[in-house]
Amino acid sequence: MVKYILILLLLLPFLGCQPAQQIMGILPPGERIPESLVPVVEPVQIPPIITEKNHHPVVTKLELPAATTLPEPITEYLHTDSALPYYGDFPLSEHSRVDTLIERYIGSSKATFSRWLERAGRYIPKIQMVFADEGVPLDLAYLAMIESGFNVRAYSWAHAAGPWQFIESTGRLYGLKNDWWQDERLDLERSTRAAAKHLKYLYKRFDGDWFLAVAAYNAGGGTIRKAVKKSGSRNFWVLTEGHVLREETKKYLPKLLAALTIIKNLEGYGFADLKFSAPLEYETVTLETSTDLEIIAKFCGINYQELKELNPELKRWCTPPGRKDYQLHIPFGSADQVRELYAELPKDQRARYHRHQIKSGDTLQGLARKYRIRINDIIALNKIKNPRALQIGSNLILPLKEGFTTLPTNALEDSYVRSQRKIYKVRRGDSLWSISQRFSVTQKQLRVWNKLGWSNLLRPGQILAVSKAGRHTIAKVKRQKEPSRKLIYKVISGDTLWDIGRQFNVAAEQIRRWNELSRDHILQPGQKLTLMVSSSQQG
């Protein structure tokens, strides 16, 4: 009997650790994880620490806010003399994998790593405020650097978005909305709070082991649980020795540990002259109804793009229609003025654009009559080529007021910064298997992406795609092998950018950039355009 009880006790840790997908999958779409499944971790206690020579000053006292709303500006909350604070509340570890990455960050990848560190100055304080409020180690804020390089608009080929690279389904479980109008995975504060809750969940799932929790953030809780079971060890470094984890996951935690080791002693590792970005500061105002961002930008005394940068989660030119009491970030110090001017603005003038989904029987003439707008304005705003061929289910942007600007057409495309497709140059001795292991993909994927069929033959120097194709936001431009020269072209009646580009063998998108033209710019006869054309082209 005693023998069976011992066996049962040994099996309990495995029986109790269901995969995250199974636990989360029982929730209806759009619902948050029940509080019973989100572990409550005690707030981080940071004892006084003596600052060592060449190390950053360390905060000796941390006071958590009494309210759930984070205080602003940030200097009222976390006090430190360092642009990149290091608290020592996340365990470090010495290992050859960490050493290898440190050498890379201070060597071949120093320029990229320096940019990450400089960018961190803008985001780390806000992230650490949320982590302190959630009771997560403050040094874990630098995990966002490993995920996205602190690029809030980062979008991977796997469709993960934002500074914490949430895929849509996981983000939705933590209350992050993503629709035509907004993607809250890009909101720094909301996504950071979701990341904190997810990290706490993983920390509890793996019985208080932060190394396994961080690895699970990358690979998934189920994957790490299976790796532990297969290897028979809960030691992360043991898991990296075999084939129970992908190479990407084996490097993930070491990347964080290498980064923290360097941040702990920036000067000692040769990063003494960094120009850190100023900390992100903003206030929040409540917009009762859908509101044009251009209007709020004018109230703040800034331009439209500056307001968009404070609210990267907004994909379009206004706050979501039908969304009441939207919380919008504005420059610190402008809230009183915005509230006063907003209160004086009639509700029917807050949003000058309307999104209409085309239904069966809709015509431009009918829409113009219904909304009391001009047909030509609808055609111009939506760049309609054939007014008689409206596609059912597609969306039209309608100007509800006279004097509408061009912002809606410029904002129809989202502003994600998408990752490029990875390629690899085959070396002598490479095989499909070794390449698949190196980039954590399957041999079948490599065959499909590179149209290899069943052939195993690889040639040194051969270029292979080793990731899924990413969506490109910039048009490809043909490179000219011949020397180029500057040409001034005078537009004549009937000219289009496409016609001019075909005449001089350049891309229309390139002409737009050379002349700083918007996508909906209409050429005027007599207008002069600057072109960079091949020397053999005749002007």
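The structure does hold 14 salt bridges, each defined as a side-chain nitrogen of Lys or Arg within 4 Å of a carboxyl oxygen of Asp or Glu. Because the model is predicted, local features need pLDDT of at least 70 and side-chain atom pairs count only at pLDDT 80 or more, while totals for chains, interfaces and linings use all residues. Residues are numbered from 1 along each chain as its sequence is written, and side-chain values use heavy atoms, with hydrogens and water left out.

**Cysteines**

- C300 is buried, with a relative accessible area of 13%; buried means under 20%, exposed over 50%, and partly exposed in between (1.4 Å probe, protein chains only).
- C318 is also classed as buried, at 1% relative accessibility.

**Salt bridges around E134**

- R193 and E134 form a salt bridge through their side chains, at 2.7 Å from N to O.
- R193 belongs to helix α7 (residues 188–205) and E134 to helix α4 (residues 110–134), so this pair links parts that are 59 residues apart in sequence; helices (H or I, at least four residues) are DSSP runs, numbered from the N terminus.
- E134 is buried, at 9% relative accessibility.
- A salt bridge also joins K197 to E134, at 3.5 Å from N to O.
- Since K197 lies in helix α7 and E134 in helix α4, the pair ties together parts that are 63 residues apart in sequence.
- K197 counts as partly exposed, at 24% relative accessibility.

- R190 and E184 form a salt bridge in which the closest N and O atoms are 3.7 Å apart.
- Within this pair, R190 is partly exposed at 26% relative accessible area, whereas E184 is buried at 2%.
- Salt bridges that share partners connect D133, E134, R193, K197 and K200 in one network.

**Confidence**

- The protein chain has a mean pLDDT of 79, and 77% of its residues reach 70 or more; pLDDT is the predictor's confidence in each residue, from 0 to 100.
- Residues 1–75 have pLDDT below 50, and this stretch has 115 contacts in the model beyond near neighbours in sequence, where contact means heavy atoms within 4.5 Å.
- Residues 471–483 likewise have pLDDT below 50, with 22 contacts beyond near neighbours in sequence.
- Where pLDDT is low, the predicted coordinates should not be read in detail.

Conventions:
Helix = DSSP H or I, 4+ residues; strand = E, 2+ residues; numbered from the N terminus.
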